[in-house]
Amino acid sequence: MATRYGKRIVTDGLVLCLDAADNISAPHNDLPVKQGLLAWWDAADDSTVTLSGSNVTQWRDKSGNSYHMSPSGTGPTRSNTQNSKSVLTFTAAQDIRDNSTDLNLTTTTHTVVVVSRYTTGNLLYTNNAGRILQGVSNNWLLGAWDSQPSKYYAAGWVTSSSRVSTNDTTWGIHTGTGDYSNDVWAYIKNGTDLTVSSGGGGGGPNRLSINSGAINENSPCEVAELIVFNRVLSSDELTKVHNYLQNKWNIEVSDAKWYDRTANAYDGTPANGPIYSETNKGYFDFDGTNDQIAIGNLGSFSTFTVEVLFKSDSVTNYKNIMDCNWLTDNATYSNSGPRLEQYTSGSLAWVIGPGDGTYYGITIGSISSSQWVHAVITKTGTSSFVGYLNIPGTNASQNGSFTGWYGSLDDVVVGKGFNNSRYYDGKVALVRIYNKALSSDEVLQNYNATKGRYL
């Protein structure tokens, strides 16, 4: 299957394509991995929940396999939210469990992911902080045990940790894998591999439940989503699932990626929690304090195009929307790739360091807050740059003349610049880089292919 990009954009010479409106590049509220999906319960999906008064009487499986859950007595409520989405809230006396005896993973390879948290606890598991997700018919648990919110017991301990001394009621994305045939088990919390154990686990869950099962150690808790696969997901697949859950529930994961849609796989790595939103079909929101997405080194190009679509929450002087190799070689303005900067008095400029200790700003126009901006710079020769702003708007050539430029597009980062400072306060929806200079007609083609989504 050919690589898919946005509608009608120029693909010739495309080196990097990060598009927050692309469900593969930045997963939206749909599960991005479906192969081997065995069961899927989603508290945010109104169509899967039946209520009697304020209590849940059925939580339906979205996988199509009909592993529906119902309580053995009083069910949970659904009045609380996380990231403005409904979750199931349990007292220690409320439970829900799958109804089928066929959901038996005791000797089956599997991956189980649960989004959950304690809501209270006093370091005593009996009716206070015990298990959350557990096996109905065997001793299996994932995510919580005895006030420890980072545990995995699969008929044998996969994790080991000391009992906590303070209550932990933060949300967590807990992933447990079991390669039963090879006796390899892993526990991942919020994207970080905490344990990989050979010989630790002994089996998967025999049916699944929140707050009821073979061992009576229940908890006041909340659960947002529960996903089960009949295979061990690859590292890349787990990252995609964690991305999806992070974006949906606003729980930061360490393995988050903004996926490059080209075969070059220059994936962006978010740091410090730029928030993903589906508004306008998708963007990342940077807080202006320390948010960033690092892309890394793309190499050197004699000609290139850099294209960014963004909207500033505040038009503050000297804030960098994105940067390429600025001040990485020494403390002068040399060997520096293009930096897209909110310059002075509301102006927008591409800034270039040609390698001779100077720098030049290519001012392409003025911007205001809450305005989507399509900004492009092309390099057509040794010292020939052209900047574009919201074509068919402003075109500007370089401010100053110089010869020589190293052509390095290294240390590409979105959301900051200028020696690890000048953090950006606003939204970035896409970044594209080409190893050629787009013509004005091609810039217009990309603009027209994009403007309906944002501009």
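Reply: Leucine 194 is partly exposed, because its relative accessible area is 45%, and the cut-offs here are under 20% for buried, over 50% for exposed and in between for partly exposed, with a 1.4 Å probe and protein chains only. The model is a predicted one, in which local features need pLDDT of at least 70 and side-chain atom pairs count only at pLDDT 80 or more, while totals for chains, interfaces and linings use all residues. Residues are numbered from 1 along each chain as its sequence is written, and side-chain values use heavy atoms, leaving out hydrogens and water.

Leucine 194 belongs to strand β16, which covers residues 192–198; strands (E, at least two residues) and helices (H or I, at least four) are DSSP runs numbered from the N terminus. If residues up to four places away in sequence are not counted, leucine 194 touches Ser150, Tyr187, Ile188 and Lys189, where contact means heavy atoms within 4.5 Å. Of these, serine 150 is 44 residues away from leucine 194 in sequence, yet the two C-alpha atoms are 8.8 Å apart in space.

Serine 209 counts as buried because its relative accessibility is 0%. A polar atom of the serine 209 side chain lies 2.6 Å from the backbone oxygen of serine 212. Leaving aside neighbours within four places in sequence, serine 209 is in contact with Ile96, Arg97, Ile132, Leu133, Gln134 and Val136.

Among contacts between residues at least 6 apart in sequence, 66% join residues at least 24 apart.

The largest nonpolar core has 39 residues, and those with the most contacts inside it include Val308, Phe310 and Trp350; such a core is a set of buried Ala, Val, Leu, Ile, Met, Phe, Trp, Tyr and Cys residues joined through side-chain atoms within 4.5 Å. Strand β23, residues 304–312, gives the largest share of this core, namely four residues. A second, separate core has 34 residues, among them Met69, Leu88, Leu105 and Trp185. In soluble globular proteins, nonpolar side chains tend to be buried together.

Definitions and conventions: Polar contact = N/O pair within 3.5 Å; in protein donor to acceptor, adjacent residues only side chain to side chain.
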